[in-house]
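User: I would like to go through this structure with you. Could we take the arrangement of the chains, then the sheets, then the helices?

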Number of protein chains: 2
Amino acid sequence: MSNSKPNHVRPDPDSVPPAVVNRLSLYLRELQHLVRDGEATTSSSQLGRRLGFTDAQVRKDLAHFGHFGHPGIGYRCEELVGAIRSILGTDREWSVALVGVGNLGRALLGYRGFAQQGFRLEAAFDADPTKIGSMLEGVEVHDIAQLAQVLADKRIELGLVAVPAAEAQAVADQLVSAGVGGIVNFAPVTLKVPEGVSKVGVDLARELEQVTFAVANREGSRVPRVHSPKSD
Amino acid sequence: MSNSKPNHVRPDPDSVPPAVVNRLSLYLRELQHLVRDGEATTSSSQLGRRLGFTDAQVRKDLAHFGHFGHPGIGYRCEELVGAIRSILGTDREWSVALVGVGNLGRALLGYRGFAQQGFRLEAAFDADPTKIGSMLEGVEVHDIAQLAQVLADKRIELGLVAVPAAEAQAVADQLVSAGVGGIVNFAPVTLKVPEGVSKVGVDLARELEQVTFAVANREGSRVPRVHSPKSD
């Protein structure tokens, strides 16, 4: 077994671009696949090639957090998995609550990728009396009115917001009052949270726009490119 | 009405960092809110403040695509909405197909944010005979075996993959063969697509990791920070 104690720098989280953190997650997934496939070591070029990045990008991203390569060896896969999990904070489990068990909420409860990365969905909440008290994917649906109490009892650390846009801010405020450290918001609205609480907004249309941007601007696409550049 | 003809540069899409494109979507949402609220103009500092970015970040992001500000006025909201939609390719509608109508697929079919941004979900596919032929959220569920035919008939341009990880690559291959220009993948696996086809992977655990990164590394968080920086 390789030495797996954390051996990396912890920069101020606000100084690291979110895109770098996002890529850390991608590197982690690939490294986990490599470990599963029995690979002991890898390189920035192999890792980059599997994900469509340059080796320079991989090295630059990791350099935010320390030096992980070994001369003549490259990266030790298990060691780098341990370091990235420690950087991301997923070297331990997190207890998570979900608010809103409509279709999206149910999808999130059934999403196996969470448990794989150490996220335990421990409670769900809804305001609909026909849902309260039921078990979905092994998780009990509580009355939203009980949110503060249940979150305290279960020591919930993170909240997922999957309610309609009009209700999302009120739900976020309740989660913050109940002491969660971070919120992932799936409602198509920008939430305000106090400093010291982290949030990420998941806007599914944004993912589609990433794709249309590439398709619409690509040479030879079905979409005519309208060139009207200003002099720069 | 302000002049709304496209008046921006179209850079090589591969030269624009994905994070910039992602922020364009955020700017677009805020500008759409401002227009709805009757605001005629805004500034990079107002736009940045609403989203938690610096004004310099906003200006730098937009500068990839041209000059949009007017001296003494700032940005005209409607004009900038038009420009960003043109840049993102969402100044027209896109026809979209969904493969996999489990919980996540149903959530995607019901997600109103897509239609708001001009994405028309026109067909769904599944292999489950009990689902084939049914209507979900006004969309017909077709037999996956009919994918190529239905995509051609409906001139589908983009595909959403919401099948289990083990089936995702095969589905992506079918979508590519059927001629879609872009794929948004919700399965927790990295897909391979040929050059010329765009893809974005949505890994919901990655969003959570963005949050745990900030929570775990924040001063005064519940999680002890382990400092073991190497000299650099």
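Analyst: The answers below take these topics in turn, and they concern a predicted model.

User: What rotation superposes chain A on chain B?

Analyst: A rotation of 180 degrees, with 0.0 Å of shift along its axis, places chain A on chain B with an RMSD of 0.0 Å. That is the relation of a two-fold axis.

User: How many residues does each chain give to the contact?

Analyst: Chain A contributes 64 residues and chain B contributes 64 residues. Of the interface residues of chain A, 100% are also interface residues in chain B, so the copies meet through the same surface.

User: Which elements of chain A give two or more residues to that side?

Analyst: They are helices H1 (18–36), H5 (103–109), H6 (112–116) and H9 (204–217), together with strands S8 (182–185) and S9 (198–201), in chain A. H9(A) gives the most, with 14 residues.

User: And how do the residues on that side divide by class?

Analyst: The side of chain A that touches chain B has 32 nonpolar, 21 polar and 11 charged residues.

User: Turning to the sheets, what is the strand order in chain B?

Analyst: In chain B, seven strands form an open sheet in the order S5-S6-S4-S3-S7-S8-S9, with mixed pairing. Strand S5 (135–136) and strand S9 (198–201) of chain B are the edge strands, each pairing on one side only.

User: In which sense do S3 and S7 of chain B pair?

Analyst: Strand S3 (residues 94–99) and strand S7 (residues 158–161) of chain B pair in the parallel sense, over four bridges. Within this pairing, B:Val99 has B:Val161 of S7(B) as its bridge partner.

User: Where does H9 of chain A pack?

Analyst: H9(A) packs on the sheet of chain B, where it touches S3, strand S4 (119–126), S7, strand S8 (182–185) and S9. The direction of H9(A) makes about 155 degrees with that of S8(B).

User: What lies across the strands of chain A?

Analyst: Helix H9 (residues 204–217) of chain B lies across strand S3 (94–99), S4, strand S7 (158–161), S8 and S9 of chain A. H9(B) runs at about 155 degrees to S8(A).

User: What is the strand order of the sheet in chain A?

Analyst: The open sheet of chain A has seven strands in the order S5-S6-S4-S3-S7-S8-S9, and the pairing is mixed. Its edge strands are strand S5 (135–136) and S9 of chain A, each of which pairs on one side only.

User: How many bridges join S4 and S6 there?

Analyst: Three bridges join strand S4 (residues 119–126) to strand S6 (residues 139–143) of chain A, and the two strands run parallel. A:Ala124 stands opposite A:Val141 in S6(A).

User: On to the helices. At what angle do H2 and H3 of chain A cross?

Analyst: The axes of helix H2 (residues 44–51) and helix H3 (residues 55–63) of chain A cross at roughly 110 degrees and come within 7 Å. H2(A) and H3(A) are therefore roughly perpendicular to each other.

User: Which residues make that contact?

Analyst: H2(A) supplies A:Ser44, A:Ser45, A:Leu47 and A:Gly48, while H3(A) supplies A:Asp55, A:Gln57, A:Val58 and A:Arg59. By class, two are nonpolar, four polar and two charged.

User: Lastly, how is chain A divided into domains?

Analyst: Chain A comprises domain 1 (13–88) and domain 2 (94–206). The centres of domain 1 and domain 2 of chain A, taken over C-alpha atoms, are separated by 30 Å.

Conventions. Residues are numbered from 1 along each chain as its sequence is written. Chains are lettered from A and ligands numbered from 1 in the order in which they are written. This is a predicted model: local features need pLDDT of at least 70, side-chain atom pairs count only at pLDDT 80 or more; totals for chains, interfaces and linings use all residues. Two residues are in contact if their C-beta atoms, placed from the backbone, lie within 7 Å. Ala, Val, Leu, Ile, Met, Phe, Trp, Tyr, Cys and Pro count as nonpolar, Asp, Glu, Lys and Arg as charged, and the others, Gly among them, as polar. Axes are lines fitted to C-alpha atoms, for helices over the stretch in contact, and angles run from 0 to 180 degrees between N-to-C directions. Angles under 35 degrees count as roughly parallel, over 145 as roughly antiparallel, 65 to 115 as roughly perpendicular and the rest as oblique. Copies are superposed by least squares on the C-alpha atoms of residues with pLDDT of at least 70 in both. Two strands pair if DSSP finds at least two bridges between them. Domain bounds come from an automatic or database domain assignment.
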